[in-house]
Amino acid sequence: MGDFWFEFVEITQTIGDGLLFGATYALIGIGFTLIFGAMGKLNMTYAAASLAGAYVGLAAFTLVNASALVVFLVSALASGLVGFIVYVACFRFIPIDNHLAALMASIGALFFIDEIIVHATDGSPLTFPAMFDDVMLELGSYGIRGDLLFVFAVCIAGTFGLLYVLYRSRLGLATRAVSQQDVAARLCGIDVHRTNAVTFVLAGLLGGIAGSMTAAAVGVLSPLITVPLTIKGLIVTVIGGLGSIPGAIAAGLLVGGLENVFLYFRGVNERDMYVLLLLFVFLIFRPHGIFGSAIDRD
Amino acid sequence: MLELRGLSKHFGGVKALDGLDLTVDEGDIFGLIGPNGSGKSTTINLICGVYGETAGTVHFRGNLMNGKPPHTRLRAGIARTFQNIRLFPNLTVWQNLWVAQNSSQDVSAHGFLPRWFGATRRTRKEIARLLELADLGHKGDELASNLAFGEQRRLEFARAAAARPKLLLLDEPAAGMSRQEIDNLGRRIRRMRDSGVTILLVEHVMELVMGVTEQIAVLNFGYKIAFGTPGEVQRDKAVQEAYLGTSASKSRPVDGSA
Amino acid sequence: MSYYLGLVQLIGIHTLLGLSAYVLMLTGQLSLGQAGFFAIGAYSAGILTVIFELPILPALLAAAAIASFFAFLVGFPALRVKGLMLVVATIAFSEFVRLFFFNLSWRVPRGDIEVGPDSTNGFREIRFFVANGWSAWEITAFVWIFVILVMAALWWTDRSRAGAVLRAVGEDELAAQSVGINLTAVKVTAMTAGGFIAGIGGALYAHTATYVDHLTFTVLLATFAIAYPILGGLSSVFGTLVAVIFIQGVLVEGLRFLGDWRNIVFGLLIIAAMNLKPSGLFDARTAQVLKRAVGLGGKD
């Protein structure tokens with residue numbers, strides 16, 4: 001009985017940690033989904049751009065010994081800027097109906113950013129500042145890591161900030177109009193290119209938060225996580241249903257929680273295999289995602 | 001030949017088609033008209049299997065077609081054209097017709113290898129004949145996207161004919177055509193029927209519909225509101241209200257129809 | 001000399017990889033999973049020659065068959081998703097395969113050593129060519145026999161009705177269905193053929209390199225696979241070959257002085273090419289103009 005109880009606490013604890021960390025996946029998923037919603041395209045550079053932002057933030061930390069909060073802020077801003085550059089380089093001038101070209105260009109940008117990071121850091125992991133990493137909240141048999149709770153809270157705040165911009169501001173109105181009716185929005189005098197650029201910057205800001213929070217939760221930033229984070233972000237986007245923000249949030253938390261379960265039972269080497277299997281399960285049984293409300297756009 | 005019973009298609013809460021009953025007899029040129037959004041194109045898409053029906057049945061030559069994919073229905077003898085022309089733009093005119101050699105005779109008469117990897121003399125002759133009929137004899141090597149609008153329409157018509165269908169569904173074939181092209185189209189449709197093909201014509205251009213069809217069904221809001229000969233339909237009060245309005249009196253048969 | 005022969009072998013192998021994506025792209029399917037089929041071919045062939053001690057030819061054919069079987073299986077669920085969803089699904093498949101081999105340990109004793117895949121340490125000692133005394137020339141010829149066979153088969157297919165049907169599906173699925181083409185059959189066949197070709201490439205790669213590990217088969221390799229036909233255009237198999245020679249021969253070798261910075265140039269090149277020529281460097285129109293210019297515009 002005692003063993004069983006102990007194991008139960010262990011598993012629920014690890015699921016809880018996963019859910020908290022899953023908020024970063026949710027953010028990355030929202031970013032992918034936001035851009036997909038606006039342009040009907042996948043921005044493969046997105047996760048890499050988010051981590052690039054975190055690296056800029058880290059540079060601020062190393063160079064001027066900025067405080068953790070400033071680091072997070074700089075990360076978000078830098079990632080927003082990278083988002084804008086990626087938009088111009090990979091989407092702005094490629095015909096809107098040519099999905100293949102935009103996809104390829106953004107993959108090119110993914111490798112470009114990845115390689116820059118590898119060269120700038122010699123490929124080795126760097127320590128990333130965290131907040132509240134020495135705090136541990138006690139809840140009966142459970143402990144909640146302060147840094148994870150902080151990461152979770154920031155991600156939730158970021159999500160609400162985004163939703164506020166999308167649903168309460170004129171800018172967000174234009175963004176949503178373009179994502180729903182491109183041509184009609186154009187006829188109403190909305191500048192589609194500007195709106196798309198704004199979407200990329202918004203997604204970038206969010207990605208910078210996600211990137212720096214990922215690094216803060218793990219404690220290090222490493223070029224090794226670029227491609228895995230891209231793939232996990234894509235998985236979250238698809239499981240959540242392409243274009244669905246609530247779906248991306250639910251899927252992010254789901255992937256975060258389940259991945260720790262896989263970690264607990266199967267170890268770190270096999271963990272990601274099961275996350276990928278989870279995607280196939282969804283593709284076969286729920287190809288339109290958790291809430292099944294995704295629009296069929298391809 | 002074609003029997004629709006209680007055919008319905010709902011998109012979410014929208015009833016694009018609601019309980020349509022329709023019988024098209026062999027050898028007919030059957031017109032299906034109605035205002036925009038009345039369910040005409042939906043009917044075509046249901047008959048050839050692009051959409052799955054919400055309720056009802058489609059029988060073709062006595063066989064239940066429900067659940068069969070488009071390519072199976074084509075081999076059973078149902079071919080179509082599209083409202084907005086859908087050719088294979090980066091294939092040549094010749095290839096567009098080559099790809100379409102999928103009638104049940106083609107499938108059964110040739111072996112696997114000749115069908116997919118050879119071009120038998122019979123196939124070449126057949127494609128040359130189709131090109132000739134479509135007045136595209138000299139354009140065989142042209143990319144389909146390089147054709148003029150009228151030529152693209154003719155090519156699509158020829159591509160549908162390539163399957164040697166028993167029933168041909170024409171989805172607004174006269175859209176965007178000049179008077180003269182419409183007259184030509186009328187002649188093509190009649191020639192097609194005379195070669196033994198039943199025609200279901202969905203059309204807005206009243207000159208064409210009133211000129212070539214023998215039976216007309218009128219749809220509005222997903223329901224059939226009238227049925228009869230062109231003359232009867234034109235005199236029908238409900239139809240005039242719903243759709244034809246004053247334009248009915250202006251329409252006249254296409255040239256060469258008498 | 002053997003260094004350049006190695007490069008010629010690599011160009012042949014990457015041509016196979018590119019052609020495996022080419023077949024799929026004709027039907028309008030974009031797969032970032034070709035690295036996965038390549039990996040299955042590489043590991044299967046290696047296991048067959050090293051652990052089961054089969055000769056190279058049956059091992060290679062069996063490996064290609066195994067890869068095509070998995071491609072066939074992936075083909076069905078992949079049919080339910082289109083376009084960008086297919087891209088995600090195939091990346092996920094490829095990553096799954098990579099992680100599977102990352103975890104695969106299958107060691108058998110041979111004399112006083114152990115051979116076989118050794119999870120994170122990779123799969124070493126795939127020494128069929130060395131053990132049987134093949135010269136570099138013979139290996140190169142062996143690789144290119146397969147390249148030429150595959151290219152000939154695809155070239156011939158392309159000029160036949162089957163090729164036109166593949167392209168028709170790629171241009172407009174709805175119209176293709178409506179003229180009687182069985183979409184499922186065509187797409188799954190293309191997927192299976194692509195898996196087979198990638199499998200051959202992988203098998204050849206494992207034996208020429210004598211060592212593979214999971215890091216060989218990343219998304220970067222999958223990106224190369226689709227970059228070749230995109231840059232070379234979909235009008236002919238030769239475009240893919242030219243693109244491979246250009247990227248692997250001219251760019252990678254020519255930029256050797258840049259050292260590790262080459263991948264950055266690769267990334268920039270893709271971005272630039274897609275902005276300047278979004279539908280590939282050789283699209284159908286360009287190809288037809290070229291064909292007319294040299295008087296090759298045949299009846300079919």
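Predicted model: local features only at pLDDT ≥ 70, side-chain atom pairs only at ≥ 80, totals over all residues.
In chain B, four strands form an open sheet in the order E2-E1-E4-E5, with antiparallel pairing.

- Strand E1 (residues 2-11) of chain B is joined to strand E4 (residues 55-60) of chain B by five bridges, in the antiparallel sense.
- Within this pairing, Glu3(B) has His59(B) in E4(B) as its bridge partner.
- Helix H1 (residues 40-47) of chain B lies across E1, E2 and E4 of chain B, and its direction makes an angle of about 65 degrees with E2(B).

**Domains of chain B**

- Chain B is divided into domain 1, made of 1-78 + 205-258, and domain 2, made of 83-164.
- Between the C-alpha centres of domain 1 and domain 2 of chain B there is a distance of 27 Å.

**Contact between chains B and C**

- On the side of chain B, 25 residues are in contact with 22 residues of chain C.
- Helix H2 (70-76), helix H3 (93-99) and helix H5 (112-117) of chain B are the elements that each give two or more residues to the side touching chain C.
- The side of chain B that touches chain C consists of 16 nonpolar, four polar and five charged residues.

**A helix pair in chain C**

- Helix H1 (residues 2-26) of chain C packs against helix H10 (residues 219-232) of chain C at an angle of about 70 degrees, and their axes are 8 Å apart.
- H1(C) and H10(C) are therefore roughly perpendicular to each other.
- H1(C) contributes His14(C), Leu17(C), Gly18(C), Ser20(C), Ala21(C), Tyr22(C) and Met25(C) to the contact, while H10(C) contributes Phe224(C), Ala225(C), Ile226(C), Tyr228(C) and Pro229(C).
- The residues of this contact comprise nine nonpolar, three polar and no charged ones.

**Gly208 of chain A**

- Gly208(A) is part of helix H8 (residues 192-218) of chain A.
- Gly208(A) counts as buried because it has 33 C-beta neighbours inside 10 Å, the threshold being 20 or more.
- Apart from its neighbours within four places in sequence, Gly208(A) is in contact with residues including Ser50(A), Gly53(A), Ala54(A) and Ala78(A).
- Although Gly208(A) and Ala78(A) are 130 residues apart in sequence, their C-alpha atoms are 7.2 Å apart in space.

How values were computed. Residues numbered from 1 in each chain as written. Chains lettered and ligands numbered in written order. Domains from an automatic or database assignment. Contact = placed C-beta atoms within 7 Å. Nonpolar A, V, L, I, M, F, W, Y, C, P; charged D, E, K, R; others polar. Pairing = 2+ DSSP bridges. Axes fitted to C-alpha atoms, helices over the stretch in contact; angles between N-to-C directions. Buried ≥ 20, exposed ≤ 12 C-beta atoms within 10 Å, placed from the backbone. Parallel < 35°, antiparallel > 145°, perpendicular 65-115°, else oblique.
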